[in-house]
Amino acid sequence: MTTDARLAVRVSGDIHEIEGEIVSPYINHDLEPTRIKDRKWAMKDIAALWISMSACVPTYMLASSLIAEGMSWWQAVVTIFLGNTIVLLPMILNAHAGTKYGIPFPVYCRPSFGILGANIPAILRALVACGWFGIQAWIGGWAIYKIIAVFVPSWESAPANLLGISLPQLLCFLFFWGINMWVIHKGIDSIRVLLNIKAPLLIALGLALLAWAYGKAGGFGPMLDTPSAFAAGGKKEGQFWSFFFPALTGMIGFWATLSLNIPDFTRYAYSQRDQVVGQALGLPTTMGLYSFIGVAVTSATAVIYGETIWDPVVLITKFKNPVLLVVALFSLCIATLATNIAANVVSPANDFANLWPKGISFRTGGFITGVIGILIQPWRLVSDPSGYIFTWLVGYSALLGAIGGILIADYFIVRKTKLDLVQLYVREGSYWYRGGFNLAAIIALCAGILPNLPGFLGTIKVMTVDPMWMKLYNYAWFVGFFVSGALYIVLTRIFGRTEATAVKAEA
């Protein structure tokens, strides 16, 4: 049973809404276009979303990996701010379709990849989100572990098991993971409540830590005075640019995931102005500020404790007042939970639902995300700063950059932002192509990933590759984005305008 392709589409201020009900095997409640009455996100809500997601423990610790490799504090913060300013552009561009047509990310992929082919970018994006879900669940479990260890010191002497962590650490991780699963079971509406609590909570906690560190250390400590290792006379003199560009790519990769599935959120926005200004105000500023808080507080710990403590969970356990300690770590748990559900469950839940709309709901997709988040063993991803940047962040940016290039090229250059909203759900319609797959997009995706593959294999030490490939890998997101986007445009022109561009959408 398929939908009536003649369903009317009402346009109000460039916002499109279907009048009637779409009946199709490729739709469910979570994948259908948002109704105008359900659009409740203003500029301040979009900005609050980004403040809530950016103010998190990984952001606090983000500069640590850069400073550990030789950057000065200001070089690290500027690199983070610049990376997030760059990723803001594809973020805003991909958000456009979500706001205009009310469609989530998997449906946004259908015009370029085909109704069935959209599962390819959706699942690639979902698997990355599963990794991030696991990382955030590990951080939340780590905070619980440190709370208990204050009162039960013997926990910290427990030996590591075959997984590389101790049994108490594993139990705390699984406990926090279980809380995440409970929130998913409660449904999508619980996320808004969590974000409203979390945004002011972690910002206040960060600023309180900053004030405490400044007063306790009589300043921010030696780190802010330490020159870059790349400066003249430093250990890595003359090597700044060779480190800067892969580091910048890694910072872009930090939110490259959300730059694709941002339609999952902006489909609820009132207007394009709300989503553009809200994102511009919320993302780069919060990332820059919160990473600076992490640097400044950590620098002060060198004076206060005689060692640099990057992990805020470990730092908070240094406090003597048990009430203050528990409140602070509980706040971190709540903040981590909110970020995890919003940033790392909404998208993969929709992505998995797109595989089988009638059989997989948002809730089921969230549970699948949780299971994969355990299997990926997130503690191994964050154990090494160098591996965190070059293996994890840069590695998946190669995949997501290529997807982003195709989506933006298709929506803005090929289609001029015009989609047929009904046809997005119709078998044998404008976006069905051949068997539900658009070969042009699949070829372009592979072409964008391929140049980065040798560098990735060399980075994880599977094989030895020519230095040229390793240097190219430093620009993985950019290479994937521009190669895939450009080739998709070329192939679309070659294949003609019958199937590859969906003439009906532009009529």
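Which residues of helix α19 (residues 439-449) are buried? In this predicted model, local features need pLDDT of at least 70 and side-chain atom pairs count only at pLDDT 80 or more, while totals for chains, interfaces and linings use all residues. Residues are numbered from 1 along each chain as its sequence is written, and side-chain values use heavy atoms, with hydrogens and water left out.

The buried residues of α19 are Ala440, Ala441, Ala444, Leu445 and Gly448. Buried denotes a relative accessible area under 20%, exposed one over 50% and partly exposed anything in between, with a 1.4 Å probe and protein chains only. Helices are DSSP runs of H or I with at least four residues, numbered from the N terminus. An α-helix has 3.6 residues a turn, so residues three or four places apart point the same way.

Helix α19 packs against helix α22 (residues 476-495) at an angle of about 150°, with the axes 8 Å apart. Axes are lines fitted to C-alpha atoms over the stretch in contact, and angles run from 0 to 180 degrees between N-to-C directions. The angle makes α19 roughly antiparallel to α22; this term applies over 145 degrees, roughly parallel under 35, roughly perpendicular from 65 to 115, and oblique to the rest. The crossing of α19 and α22 is right-handed, meaning that the near helix is turned clockwise from the far one by less than a right angle, whereas anticlockwise is left-handed. On the α19 side, the contact (heavy atoms within 4.5 Å) involves Ala440, Ala441, Ile443, Ala444, Leu445, Ala447 and Gly448. Helix α22 contributes Gly480, Val483, Ser484, Leu487, Tyr488, Leu491 and Phe495. By class, eleven of the contact residues are nonpolar, three polar and none charged. Ala, Val, Leu, Ile, Met, Phe, Trp, Tyr, Cys and Pro count as nonpolar, Asp, Glu, Lys and Arg as charged, and the others, Gly among them, as polar.

Helix α3 (residues 73-101) packs with helix α2 (residues 57-68) at about 125°, with axes 9 Å apart. That makes α2 oblique to α3, and their crossing is right-handed. Leu62, Ala63, Leu66 and Ile67 of α2 meet Trp73, Ala76, Thr79 and Ile80 of α3. This contact has seven nonpolar residues, one polar and no charged.

Helix α3 also packs with helix α9 (residues 240-254), at about 50° and with axes 8 Å apart; the two helices are therefore oblique to each other. The crossing of α3 and α9 is right-handed. Residues of α3 in the contact include Gln75, Thr79, Ile80 and Asn84, and those of α9 include Phe240, Phe244 and Met251. The contact of α3 with α9 divides into ten nonpolar, four polar and no charged residues.

His96 also lies in α3 and is buried, with a relative accessible area of 17%. Not counting residues up to four places away in sequence, His96 touches Gln272, Gln275, Tyr411, Phe412 and Thr417.

Thr369, in helix α16 (residues 362-375), is buried at 0% relative accessibility. Leaving aside neighbours within four places in sequence, Thr369 contacts Cys130, Phe133, Asn344, Pro348, Ala349 and Phe352. Thr369 and Val345 are 24 residues apart in sequence, with a C-alpha to C-alpha separation of 6.9 Å.
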